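Dear colleague,

Please find below the structure for your review.

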Amino acid sequence: MPETTKVLIVGSGPAGLTAAVYTARAQLSPVVIEGEPSSTSDQPGGQLMLTTDVENFPGFPDGITGPELMANIRAQAARFGADLKVAKVTKLDLSARPFRAWVGDTDGEPSYVADSVIIATGARALMLNVPGEDRLLGHGVSTCATCDGFFFREQEIAVVGGGDSALEEALFLTRFASKVTVIHRRDSLRASRIMQERALANEKIEFLWNTRVTEVIGDAKVEKIALEDTVTGDTSTREVSGVFVAIGHLPNTDLFADQLELHENGYLKTHHGSLTSVEGVFACGDVQDDHYRQAITAAGSGCAAAIDAERWLETQGS
């Protein structure tokens, strides 16, 4: 028989676990399906599990590692009674209430039946998929300049990409780095004209055109990158202490892409806070935020989703 719950939370990054803290304190006994450690798209703890030092989350003047921060929030949710499950939702049926979720086999009865659902499945950064990248993620390889730029004061770093996001990252990083090299596989940028003008006018930014990164090199941290000219095939290396990958993000919406309304870029649409296009289904964190993508904003939206769910359940007499 499926387990029943008033609130089912799918995902366990800052958004999902904050939603768990709030719904648990409201005595709603939430069930949290955290994800699986082997999955890069929905691992327990979200993207912060791939981050070393976090120095911009309020309350930690000396900083804290990403895994430590998530462990703290998880313990807080458990303390208030959240039922945390290390598992992966393989199917989610939002067509009728109560909502149904499957973990593992999708042929039989659902694993959970829920009065409400909070979606916090997050997003994942698109990566280069080159040797050394995964191993040095969090040790010089980053996908967030706002998070990690401070650690590269007076150092030479590289940004990979040619869109607005890449140039925004590069411009932000010039506040800290002595030099920022933008590496783009084509001979022209995809970014908006105003972003191009700003980046091209910045004396700290250099552009490498028709170039791709083929390897990230270093033992304990990034030391240099291997490059290939996409036109001539010539190879070279460049010494850098950081590589910021800015080729886009992909929201984790596979579970419900055909059931909930999405923006054109694939992110989940929310309105009036955390409400989705299906009554009783709420969303928070990076799965619906393509603008800020910060741990603190994800946590705040998790709080909002929990309060929205609590108030909605009250109107349903639950």
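Strands β8 and β19 (residues 281-283) run parallel and are joined by three bridges, with I118 standing opposite F282 in β19. Strands here are DSSP runs of E with at least two residues, numbered from the N terminus, helices being runs of H or I with at least four; two strands pair if DSSP finds at least two bridges between them.

Please note that this is a predicted model, in which local features need pLDDT of at least 70 and side-chain atom pairs count only at pLDDT 80 or more, while totals for chains, interfaces and linings use all residues. Residues are numbered from 1 along each chain as its sequence is written, and side-chain values use heavy atoms, with hydrogens and water left out.

Strand β7 (residues 99-103) is antiparallel to β8, with three bridges, and A101 stands opposite Y112. Seven of the eight residues of β8 are buried, so the strand is largely enclosed by the rest of the structure. Buried means under 20% relative accessible area, exposed over 50%, and partly exposed in between (1.4 Å probe, protein chains only).

Turning to the cysteines, a search of the whole structure gives one disulfide, defined as a pair of cysteine sulfur atoms within 2.5 Å. The bond links C144 and C147, whose sulfur atoms are 2.2 Å apart; the link is right-handed, with 70 degrees about the S-S bond. C144 is buried at 13% relative accessibility, whereas C147 is partly exposed at 25%. C284 is in no disulfide, the nearest cysteine sulfur being that of C303, 10.0 Å away, which is too far for a bond. C284 is buried at 1% relative accessibility, and C303 is buried at 18%.

Finally, the second largest pocket has a volume of about 310 Å³. Of its 15 lining residues, L128, V160, G161, R185 and I247 are the closest to the centre. Strand β14 (residues 211-217) gives the most to this lining, with three residues. A pocket is an open set of points on a 1 Å grid over the protein atoms alone, where a 1.4 Å probe fits, with protein on both sides within 12 Å along at least five of seven lines; lining residues have an atom within 4 Å of a point. The volume is the space filled by probe spheres set on the points, which are joined across faces, edges and corners.

Kind regards
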